[in-house]
Amino acid sequence: MVKLFFGNRSFALLFLPVIIGLFGVLNFFFQHHNVQEQLTFGFWGNMHNQAHWLYQVSAFVLILINAIMINNIFNRNDFMDRNNYLASLLYVVLMSFFHSFYFISGAALAQTLLVLVVVQLFKLNQNEDGRKAVFNSALLFGLAASFYPVLLIGTPFLFWMIWVMRPFILRESLLAFTGFLIPLVYAGVYGMFAGIKVIREDFSSSAVEWNYYDFIVLVFLVSLLVIASISEVVGKIGTSSIRSKKLFRMILLLIAFLMTIAVIEFLVFDKIEGLGLLIFPFMFIIPYAFGIKTPRTFAIIMYYLIFLFAVGKFFIPFDSLGF
């Protein structure tokens, strides 16, 4: 499986729906990730989860779209010397540990919107007019924050990422601020007419799941892959163009921002689903653990351990063993 996605074979993407479907079927029969009675969409209010199948299919479609977009960003911006499709495979398998993989939520929508934010930010260039991309990225970020309000804490990171690619230009900054506010104003007006009362708990629209042992194992294995990728990433940055260095800097800022969100969500809302947001930016780092020309044995072993654990958790859930 790794070798198929490691090479420049775009048809490998056809296997993504199969993998997503596998996890969907397993969860249908074993219910490792349970249906939430109420779906939370941040400032847009809550919704009773009556059409379970529709919300599940929507979540699977979002995961597939995210995986393809992430891999497209990775290849189009030459993060590696030649195209490969590992980012999409790794994203799907790692996200299978999270509730938002199986059921739609404000957090799931926010992640898709954050991917679109990065698509816009990566269009920025030092010497070209960036007003359209700046406005669009801020608009999408504001929409993501309306679905997942805890993201509002990271608003300074949005402007920081813009200024990584562009010099400070007052007109562009005002456009970004305007674009950011528009979705929040619309959400506020909608909430006012719909009689929506936003309480503290609504600022985190991720699911309440406490599969701590799953996440402990996942964080450990992913950390090993990140450590294994560091030397290749440093080497890549050292030989990259100025633009590529800025792209890596933006990714590191995004990791720092989303890690902050995950910590705050854990401390304030007692949730660990926020870690799912970190999977996205790490897809621009972890593929380097597999090497450049031929896949490395250590990374392959780590991948299959993660995959086996992702599937095995349905049959032998660690949290039910009383460890």
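In what follows, a residue is exposed when its relative accessible area is over 50% and buried when that area is under 20%, with partly exposed in between. The model is a predicted one.

I'll start with helix H2. H2 runs over residues 16–30, which makes 15 residues, and spans 21 Å from its first C-alpha to its last, close to the 21 Å expected at 1.5 Å a residue. Its buried residues are Leu-16, Ile-19, Ile-20, Phe-23, Gly-24, Leu-26 and Asn-27. These cover an arc of only 160° around the axis, so they sit on the same side of H2. On the face turned away from the buried side, H2 carries the exposed residues Val-18, Phe-28 and Phe-29.

Next, backbone angles. Which residue just after H2 takes a positive phi? That is Gln-31, at about 50°, and Gln-31 is not a glycine. Gln-31 belongs to the loop between H2 and S1. Its relative accessible area is 37%, so Gln-31 counts as partly exposed.

Asp-78 is another non-glycine residue with a positive phi, here about 55°.

Is Ser-88 buried or exposed? Its relative accessibility is 0%, so Ser-88 is buried. A polar atom of the Ser-88 side chain lies 2.8 Å from the backbone oxygen of Tyr-85. Leaving out residues up to four places away in sequence, Ser-88 touches Phe-5, Leu-13, Leu-16, Ala-67 and Asn-71. One of these, Leu-16, is also among the buried residues of H2.

Now helix H11, residues 275–282. Seven of its eight residues are buried, so H11 is largely enclosed by the rest of the structure. The buried ones are Gly-276, Leu-277, Leu-278, Ile-279, Phe-280, Pro-281 and Phe-282.

The last topic is empty space. Rolling a probe the size of a water molecule over the atoms shows where such space is left. How many cavities of 30 Å³ or more does a search of the whole structure find? The search finds three, and the largest cavity has a volume of about 90 Å³. The largest cavity is lined by 13 residues, and those closest to its centre are Ser-100, Ala-107, Ala-108, Ser-206 and Glu-273. Two elements, helix H5 (106–121) and H11, each give two or more residues to that lining. H5 gives the most, with three residues.

Separately, there is the largest pocket, which holds about 290 Å³ of space. Its lining comprises 19 residues, and the closest to the pocket centre are Thr-40, Ser-204, Ser-206, Val-208 and Lys-271. Strand S1, residues 38–40, provides the largest share of the pocket lining, three residues.

Key: Residues numbered from 1 in each chain as written. Predicted model: local features only at pLDDT ≥ 70, side-chain atom pairs only at ≥ 80, totals over all residues. Heavy atoms only, no water. Buried < 20%, exposed > 50% of the residue type's maximum accessible area, 1.4 Å probe, protein only. Polar contact = N/O pair within 3.5 Å; in protein donor to acceptor, adjacent residues only side chain to side chain. Contact = heavy atoms within 4.5 Å. Helix = DSSP H or I, 4+ residues; strand = E, 2+ residues; numbered from the N terminus. Expected span 1.5 Å × (residues − 1). Arc of directions from axis to C-beta. 1 Å grid on protein atoms, 1.4 Å probe; cavity = no way out; pocket = protein on both sides within 12 Å on 5 of 7 lines; lining within 4 Å. Points joined across faces, edges and corners; volume = space filled by probe spheres on them.
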